[in-house]
Amino acid sequence: MTVDITSAASNLVQNSSGIWVARDQRDISYPLEGNEVCFSVEDSSFWFQHRNEVIPQLVQTFSPCSTFFDIGGGNGCISYALQQRGVDTVLVEPGPAGAYNGLSRGLKTVVQSTLQDAGFTSNSLPSAGIFDVLEHIDSDQDFLKSLHHFLEPEGILYITVPAYRFLWSREDDYSGHFRRYTISLLEKDLNSAGFEVLFSSYLFACLVPPIFLFRTLPSLMRIRKVPTAVSKQKEHKGGNRLSAKFIKRCLHWEQSRIKKIKRVPFGSSCIAVARKLPRDA
């Protein structure tokens, strides 16, 4: 099925490539080359592959039949994983490079726009995901409230964000992050915005020590260099054969727990699933 995007959004026109583009665009807190750097590692990265297993598992548990709007979805990595599993998916990405990369992946519906600029009507999105997006937004509470406005009654929201302030590094500065989260902070923000949290967990438990040692400490010592496509590719390979095997086992354990809707107790990312509640609830 192909989504009738014009029934949900009023400020979009379709260009010659088939991408729906907003007539007006606002600035976002994200490096201009960010999409291309990610695109160079996504298909081979253990990190992206793990998210591409965990998120569809949760979608198939909580909203398997709903059209899914991947808000700020970058190059469509998760959108494509969902589409491959039979989920009707719309990539909503403001960056031109990300939108075109998503189209090249084979996504059926791509919107080059922010959520606000696209002109989506209230109560129009059955389910939506913001994956490593919220940390890029100055007023995260206002953004969560806008998502509440756009979601259908009892619509489902999926979120991933980076975890733990003590893991802050130059990588966060370069990426345009405003904050890192804990599960309790993320749940509090969701509750304040009018959502009921259905599930929450940490992800990437095995990455907390290496991130602290190889990103945070060098950043504190001011010897951490600006990330490049080459350095990204090296990090996302998972190290040597022994460390890659260890990471693979840890991530398989996380996938098994989350499939059973059990929480991972700590990790370098947070993930949550929440349901829209009526404003007077």
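These legends describe close-up views of a predicted model.

**View 1. A salt bridge joins Asp132 and Arg51.**
The side chains of these two residues meet with N and O 2.6 Å apart. Asp132 sits in the loop between strand S6 (125-131) and helix H5 (140-150). Arg51 belongs to helix H2 (residues 46-62). The partners are 81 residues apart, so this pair links distant parts of the chain. Is Asp132 buried or exposed? Asp132 has 18% relative accessibility, and buried means under 20%, so Asp132 counts as buried. Arg51 counts as buried too, because its relative accessibility is 8%. How many salt bridges does a search of the whole structure find? The search finds 10.

**View 2. Glu171 pairs with Arg224.**
Here the side chains form a salt bridge, with N and O 3.2 Å apart. Glu171 lies in helix H6 (residues 170-175). Arg224 lies in the loop between helix H8 (208-220) and helix H9 (229-236). The two residues are 53 residues apart in sequence, so their pairing ties together separate parts of the chain. Both Glu171 and Arg224 are buried.

**View 3. Asp172 meets Arg180 and His177.**
Asp172 is placed in helix H6. Its relative accessible area is 2%, so Asp172 is buried. Which residue forms a salt bridge with Asp172? The partner is Arg180, and the closest N and O atoms are 2.8 Å apart. Arg180 is buried as well. The side chains of Asp172 and Arg180 also count as a polar contact, at 2.8 Å. Another polar contact joins the side chain of Asp172 to the side chain of His177, at 2.7 Å. Neighbours within four places in sequence aside, Asp172 is in contact with Leu167, His177 and Arg180.

**View 4. Helix H3 is mostly covered.**
H3 runs over residues 77-84. Of its 8 residues, 6 are buried. Which residues of H3 are buried? They are Cys77, Ile78, Ser79, Ala81, Leu82 and Gln83. Gly86 follows H3 and has a positive phi, near 90 degrees.

**View 5. Gly76 lies in the loop between S3 and H3.**
Gly76 has 0% relative accessibility, so this glycine counts as buried. Which residues does Gly76 touch, not counting residues up to four places away in sequence? Gly76 touches Leu91, Arg105 and Leu107. Val59 is 17 residues apart from Gly76 along the chain, and their C-alpha atoms are separated by 16 Å.

**View 6. Ten named residues line the second largest pocket.**
The volume of this pocket is about 240 Å³. Its lining consists of Ser44, Phe46, Gln49, His50, Ala244, Ile247, Lys248, Leu251, His252 and Gln255. Helices H2 and H10 (241-259) each supply at least two residues of this lining. Which helix gives the most to the lining? H10 does, with 6 residues. By type, the lining residues of the second largest pocket divide into 4 nonpolar, 5 polar and 1 charged.

**View 7. Helix H8 has buried residues, and Arg222 comes just after the helix.**
The buried residues of H8 are Val208, Ile211, Arg215, Thr216, Pro218 and Ser219. An α-helix has 3.6 residues a turn, so residues three or four places apart point the same way.

**View 8. Phe150 is found in helix H5.**
Phe150 has a relative accessible area of 9%, so Phe150 is buried. Its contacts, leaving aside neighbours within four places in sequence, are Leu115, Phe120, Thr121, Ser122, Asn123, Ser124 and Leu125. How far apart in space are Phe150 and Lys276, C-alpha to C-alpha? They are 10.0 Å apart in space and 126 residues apart in sequence.

How values were computed:
Residues are numbered from 1 along each chain as its sequence is written. This is a predicted model: local features need pLDDT of at least 70, side-chain atom pairs count only at pLDDT 80 or more; totals for chains, interfaces and linings use all residues. Side-chain values use heavy atoms; hydrogens and water are left out. A salt bridge is a side-chain nitrogen of Lys or Arg within 4 Å of a carboxyl oxygen of Asp or Glu. Helices (H or I, at least four residues) and strands (E, at least two) are DSSP runs, numbered from the N terminus. Buried means under 20% relative accessible area, exposed over 50%, partly exposed in between (1.4 Å probe, protein chains only). A polar contact is a pair of N or O atoms within 3.5 Å; within protein, one must be able to donate a hydrogen and the other to accept it, and residues adjacent in sequence count only if both atoms are side-chain atoms. Contact means heavy atoms within 4.5 Å. On a 1 Å grid over the protein atoms alone, a cavity is a set of points where a 1.4 Å probe fits but cannot get out, and a pocket is an open set with protein on both sides within 12 Å along at least five of seven lines; lining residues have an atom within 4 Å of a point. Grid points are joined across faces, edges and corners, and a volume is the space filled by probe spheres set on the points. Ala, Val, Leu, Ile, Met, Phe, Trp, Tyr, Cys and Pro count as nonpolar, Asp, Glu, Lys and Arg as charged, and the others, Gly among them, as polar.
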